[in-house]
Amino acid sequence: MINYCIIPARRNSQRIKNKNSKIFCGKPIICWPIIAAKKSKKFDKIFVFTNDPLVEKIFIKDDKVVVLKRSEKLSKHSTPILASVNEAIKMINKKYPKPDNICYILATAALINEVDIKKSCNIFVQSNKNFCFSITNYHYPIQRAISLKNNRINLWNPKFRNSRSQDLKEMYHDAGQFYWGKTNAFIKNKNMFSNETIPYQIPSYRTMDIDTKTDWKYAILKFKILKKI
């Protein structure tokens with residue numbers, strides 16, 4: 001069985017300049033998911049799919065990582081990540097043996113660890129499903145979400161106004177770390193949100209989606225704490 005890892009990393013991030021190559025706890029942030037991928041020993045090859053010269057420079061002497069040139073057409077802010085992953089798969093299939101499975105990992109998934117990669121891979125393969133990706137729970141019941149309009153508070157769903165948090169159903173969201181899939185399922189653009197997907201749950205304290213400068217600072221705090229555990 002052949003497993004490949006793909007890490008999409010486009011340049012010109014909108015809210016954090018040079019986010020994928022920015023130093024995070026001593027290393028460019030993209031190095032941390034790659035370190036975890038290497039330690040997991042689940043991948044025959046690791047590919048970084050990028051149009052960013054700064055990212056390319058990081059791995060120019062790394063014989064464990066293959067850098068693929070990402071086209072500008074697929075590097076726009078509006079480009080769906082699955083479109084770039086599929087383009088990377090097409091490029092890989094022209095030069096390397098076609099893999100059975102692909103796992104794409106987000107370039108800023110600094111809190112990812114090799115144990116979760118290993119376990120999720122085993123669960124995914126045994127399930128024979130099309131996909132498996134990381135999820136985590138919301139910190140607070142989303143049924144009691146609040147919106148603001150003209151500086152006035154509005155309950156998203158007033159029927160839960162007096163509900164106790166412990167009585168509400170726990171809800172989850174994409175943890176933003178890794179996404180396993182059968183290669184053919186990616187190529188055929190199969191729906192990832194279906195019965196053919198199995199979730200892999202990660203505690204919220206080990207996840208952090210980094211979109212803003214505040215997220216970045218919060219992720220550093222989590223990273224430092226986790227390294228001490």
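Guide: Contact here means heavy atoms within 4.5 Å. The model is a predicted one. By that cut-off, and leaving aside neighbours within four places in sequence, asparagine 20 is in contact with Ala9, Arg10, Ile29, Ile30, Val55, Ala107 and Thr108.

Visitor: Where is asparagine 20 placed, and what makes asparagine 20 buried?

Guide: Asparagine 20 belongs to the loop between β1 and β2 (23-24). Its relative accessible area is 10%, and buried means under 20%, so asparagine 20 is called buried.

Visitor: Why is the approach of the asparagine 20 side chain to the backbone oxygen of arginine 10 called a polar contact?

Guide: The side chain of asparagine 20 reaches that backbone oxygen at 3.0 Å. The cut-off for a polar contact is 3.5 Å, so the pair qualifies.

Visitor: How do you know which cysteines are in a disulfide, and how many disulfides are there?

Guide: The structure holds zero disulfides. Cysteine 25 is in none, and the nearest cysteine sulfur to its own, that of cysteine 31, is 12 Å away. A disulfide requires sulfur atoms within 2.5 Å, so the sulfur of cysteine 31, with its closest cysteine sulfur at 12 Å, is too far for a bond.

Visitor: What makes a group of residues a nonpolar core, and which residues have the most contacts inside the largest one?

Guide: The term requires buried residues of nonpolar kinds joined through side-chain atoms within 4.5 Å. The largest such core has 47 residues, and those with the most contacts inside it are Ile6, Ile30, Ile105 and Trp180. Strand β1 (residues 3-9) gives the most to this core, with five residues. A second, separate core of eleven residues includes Phe24, Trp32, Ile210 and Trp216.

Visitor: With which residues is isoleucine 6 in contact, beyond its neighbours within four places in sequence?

Guide: Among them are Phe47, Phe49, Val85, Ile102, Tyr104 and Ile105.

Visitor: What is the order of strands in the open sheet, and why are β5 and β11 said to stand at the edges?

Guide: The seven strands follow the order β5-β4-β1-β6-β10-β7-β11, with mixed pairing. β5 (65-69) and β11 (197-201) each have a single partner strand, so one side of each is left without a neighbour in the sheet. Neighbouring strands are turned by 30° against each other on average, direction ignored.

Visitor: Why are both faces of β6 called covered?

Guide: In a regular strand the side chains alternate between the two faces of the sheet. Asn101, Cys103 and Ile105 on one side of β6 are buried, as are Ile102 and Tyr104 on the other. Helix α1 (residues 31-40) lies across β6, among other strands, and helix α4 (residues 114-127) also lies across β6, running at about 60° to β10.

Technical notes: Residues are numbered from 1 along each chain as its sequence is written. This is a predicted model: local features need pLDDT of at least 70, side-chain atom pairs count only at pLDDT 80 or more; totals for chains, interfaces and linings use all residues. Side-chain values use heavy atoms; hydrogens and water are left out. Buried means under 20% relative accessible area, exposed over 50%, partly exposed in between (1.4 Å probe, protein chains only). Helices (H or I, at least four residues) and strands (E, at least two) are DSSP runs, numbered from the N terminus. Two strands pair if DSSP finds at least two bridges between them. Axes are lines fitted to C-alpha atoms, for helices over the stretch in contact, and angles run from 0 to 180 degrees between N-to-C directions. A polar contact is a pair of N or O atoms within 3.5 Å; within protein, one must be able to donate a hydrogen and the other to accept it, and residues adjacent in sequence count only if both atoms are side-chain atoms.
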